[in-house]
Amino acid sequence: MDLDLHYYARRLESFNSHHGKQLHLLFLKVGVITSFVTFGNRLLQMYARCGHLSDAQQLFDEMTHRNCFTWNTMIEGYIKSGVKEKALELFGLMPERNCFSWNLVVSGFSKAGELEIARGLFDEMPRRNWVAWNSMIQGYASNGRPRDAVRLFKELGADPDGESRGDSFVLATVIGACTDLAALDCGKQVHARIIVDQVEFDSVLASSLVNLYGKSGDMDSASHVLNVMQDPDEFSVSALISGYANSGRMEDARRIFYMRSDPCVVLWNTLIAGYIANEETNEALILFQMMRRNGIRENFSTFSSVLSACNSLRIPENCKQMHALASKLGILDDLITGSALVDTYAKCGSPNDACKLFTEFKKHDTILLNSMITLYSKCGRIEDAKQIFESMKTKSLISWNSIIVGLSQNGCPIEALDLFCKMNEMGLRIDKFSLASAISACASIASLELGEQIFCRTTIIGLEFDQVVSTSLIDLYCKCGFVKIGRKLFDQTTKFDEVSWNSMLIGYATNGFGNEAMNLFTDMRYADVVPNDITFTGILSACDHCGLVDEGRKWFYAMKQHYHIDPGIEHYSCMIDLFSRAGLLEEAMNLIEEMPFKADASMWSSVLRGCVIHGNKSIGRKLAERITDMDPENSGAYMQLSSIFATSNDWERSAQIRNLMRDKRIQKNPGCSWAEC
């Protein structure tokens with residue numbers, strides 16, 4: 001019977017909790033748990049492995065005999081289950097601790113990112129071994145504290161009991177920390193110790209050194225490390241290729257790559273990524289095609305790099321080809337791949353394809369859903385964006401911010417502010433993006449009082465000098481007509497990029513301060529801030545509002561020639577309106593015919609307004625007919641045509657147009673204002 005019990009006790013490591021509990025009952029029945037600590041320990045291990053810590057704790061409390069193994073099993077179970085406070089409490093209650101006990105808590109808390117607790121335990125250790133040193137150094141390095149990792153390694157060098165000074169894993173970790181710190185001299189000192197202590201080079205250590213020298217631009221040293229190795233592994237070679245690519249030496253990167261007779265997928269991926277980093281995206285795609293012809297199977301890293309190349313080229317056909325390939329290989333259900341493909345479609349100017357792909361996914365995560373809220377909002381599909389937000393079980397701060405921005409940008413500022421208030425009532429964390437979005441929503445409805453109230457909340461949090469918040473406040477004051485206050489705030493703002501400049505430029509433009517906008521644009525260029533497409537929207541809008549035809553024409557053509565920015569439909573709209581207001585009707589119509597976009601009724605209406613201003617009946621009549629064909633309910637076209645006849649004293653025809661509107665039951669749109677009184 002005893003032999004059978006010991007046999008089953010050993011088998012507990014493969015039992016599930018159901019069978020384990022049955023055996024537990026058998027052990028209780030025959031009374032072995034109270035007599036032999038081994039049986040209790042085996043059961044504890046089983047419960048901890050299955051995550052049944054309440055059962056484990058109950059058994060632990062009932063055990064009359066315990067040893068270090070008993071305590072260690074419970075502590076390890078709590079650490080792995082994330083119940084760190086209970087693990088620490090049990091460790092403090094242990095009557096006797098062995099080396100494994102100390103290593104367990106130091107390693108466990110270090111891996112969990114609880115570095116202060118881990119360091120406190122590490123400092124209390126009566127005698128530190130290589131496991132503890134490794135755990136602390138690795139913990140610092142993997143949790144974004146490379147400086148502390150290097151500092152602790154130096155302490156290890158001064159420790160008389162530091163037997164892990166020559167451990168290759170510790171050395172590789174420290175070299176990685178030096179790489180993160182860009183501390184080449186410190187890395188060279190570690191390399192010198194490796195040579196002096198005659199530490200055997202393994203693949204991890206070698207690739208770490210090659211990576212250090214490669215990222216520091218010391219390619220001679222990186223190449224020397226690789227040459228010292230008798231049979232360099234693929235990861236070391238990959239690090240060297242990456243180093244050459246990061247230094248812009250693609251010829252050398254190719255040379256190293258082609259030295260391998262049968263390069264693995266890691267090397268192909270590294271060279272492809274190198275081409276992309278050096279903006280040789282066509283070469284990257286050619287290499288990808290060569291990789292497939294050579295029968296090398298792609299992995300997720302390959303897809304990530306190639307999709308990045310597609311993002312740069314912005315060619316929708318490339319994205320569709322990658323979509324087909326992902327479907328063929330059966331990796332489209334992978335969330336990372338699917339999300340990257342959705343992002344690529346969006347960046348390639350195919351948002352509808354991105355939205356369609358999203359509907360095919362069976363699984364979603366918060367990151368993907370947040371992206372779709374933004375994407376649907378940009379496509380004007382705000383109801384779809386709202387549906388995703390409302391259906392999300394777990395909403396992050398980004399989720400709230402994304403929907404608030406989307407609502408504000410899609411003509412739903414009241415809903416955006418309602419959600420912001422709900423965030424506030426629920427006590428959710430509010431950041432600069434939440435506040436800036438709410439202030440922008442106030443700007444949309446010209447609600448200065450509410451915008452200033454929200455800004456008061458910003459000052460309480462301590463974000464009043466943040467650039468994002470300041471820019472939204474500038475926009476608020478300008479949209480409410482307080483341009484001087486907006487400019488005063490702009491002058492006090494720390495300007496890191498073109499965003500603040502653009503906000504003030506558009507503020508001037510929309511309020512009719514054309515010369516001030518042009519002067520600010522000059523200051524912007526003197527400050528070496530590179531203008532973008534939004535900047536030119538502001539400039540052309542200013543020229544349009546103030547009739548600066550020559551300036552507008554100059555900067556419209558300079559966009560493409562000097563700044564390599566293709567004019568968008570909003571830029572063409574500004575120029576068409578500018579020419580029409582100035583009476584350059586033929587030039588306006590020629591621009592409509594030349595632009596790579598299909599003109600809508602609003603563009604033709606701009607030219608029609610020019611006809612009204614300048615009394616051009618012949619062109620005006622043709623345009624009115626075209627607009628009403630495109631948009632039969634467009635009352636503006638009828639009213640403007642009626643005005644053309646009226647300005648030339650042709651009252652009869654003017655009355656005929658109004659009668660036609662009445663017969664067709666077309667109502668004139670009444671004017672309204674959102675501005676607060």
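Tutor: Start with burial: buried means under 20% relative accessible area, exposed means over 50%, and partly exposed is in between, with a 1.4 Å probe and protein chains only. By that rule Cys-99 is partly exposed, with a relative accessible area of 41%.

Student: What should I know about the source?

Tutor: This is a predicted model, where local features need pLDDT of at least 70, side-chain atom pairs count only at pLDDT 80 or more, and totals for chains, interfaces and linings use all residues. Residues are numbered from 1 along each chain as its sequence is written, and side-chain values use heavy atoms, with hydrogens and water left out.

Student: Now helix packing. At what angle do α25 and α26 pack?

Tutor: About 155°, with the axes 7 Å apart. α25 covers residues 397–409 and α26 covers 413–425. Helices are DSSP runs of H or I, at least four residues, numbered from the N terminus. Axes are lines fitted to C-alpha atoms over the stretch in contact, and angles run from 0 to 180 degrees between N-to-C directions.

Student: What do you call that arrangement of α25 and α26?

Tutor: Roughly antiparallel. The cut-offs: under 35 degrees is roughly parallel, over 145 roughly antiparallel, 65 to 115 roughly perpendicular, and the rest oblique. α25 passes α26 in a left-handed crossing. Left-handed means the near helix is turned anticlockwise from the far one by less than a right angle; clockwise is right-handed.

Student: Which residues in α25 and α26 meet?

Tutor: From α25, Leu-397, Trp-400, Ile-403, Ile-404, Leu-407 and Ser-408. From α26, Pro-413, Glu-415, Ala-416, Leu-419, Phe-420, Lys-422 and Met-423. Contact means heavy atoms within 4.5 Å. By class, the contact of α25 with α26 has 10 nonpolar, one polar and two charged residues. Nonpolar covers Ala, Val, Leu, Ile, Met, Phe, Trp, Tyr, Cys and Pro; charged covers Asp, Glu, Lys and Arg; the others, Gly among them, are polar.

Student: How does α23 pack with α25?

Tutor: Helix α23 (residues 366–378) packs with α25 at about 5°, axes 9 Å apart. That makes α23 roughly parallel to α25. The contact of α23 with α25 has three nonpolar, seven polar and no charged residues. Among the α23 residues that meet α25 are Thr-366, Asn-370 and Ile-373.

Student: What about α31 and α32, what's the angle there?

Tutor: About 165°, with axes 8 Å apart, for α31 and helix α32 (residues 514–526). α31 is therefore roughly antiparallel to α32. Their crossing is left-handed. The contact includes Trp-501 and Leu-505 of α31 and Leu-520 and Phe-521 of α32.

Student: Where does Ser-500 lie?

Tutor: In α31, residues 498–510. Ser-500 is buried, at 0% relative accessibility. Ser-500 touches Gln-467, Thr-471, Phe-490, Thr-493 and Lys-495, leaving aside residues up to four places away in sequence.

Student: Last topic, backbone. What is phi of Glu-279?

Tutor: Positive, about 60°, although Glu-279 is not a glycine. Glu-279 sits in the loop between α17 (265–277) and α18 (281–293). Glu-279 is exposed, with a relative accessible area of 71%.

Student: And Asp-528, what's phi there?

Tutor: Near 60°, a positive value in a residue other than glycine. Asp-528 lies in the loop between α32 and α33 (533–546). At 68% relative accessibility, Asp-528 counts as exposed.

Technical notes
Helices (H or I, at least four residues) and strands (E, at least two) are DSSP runs, numbered from the N terminus.
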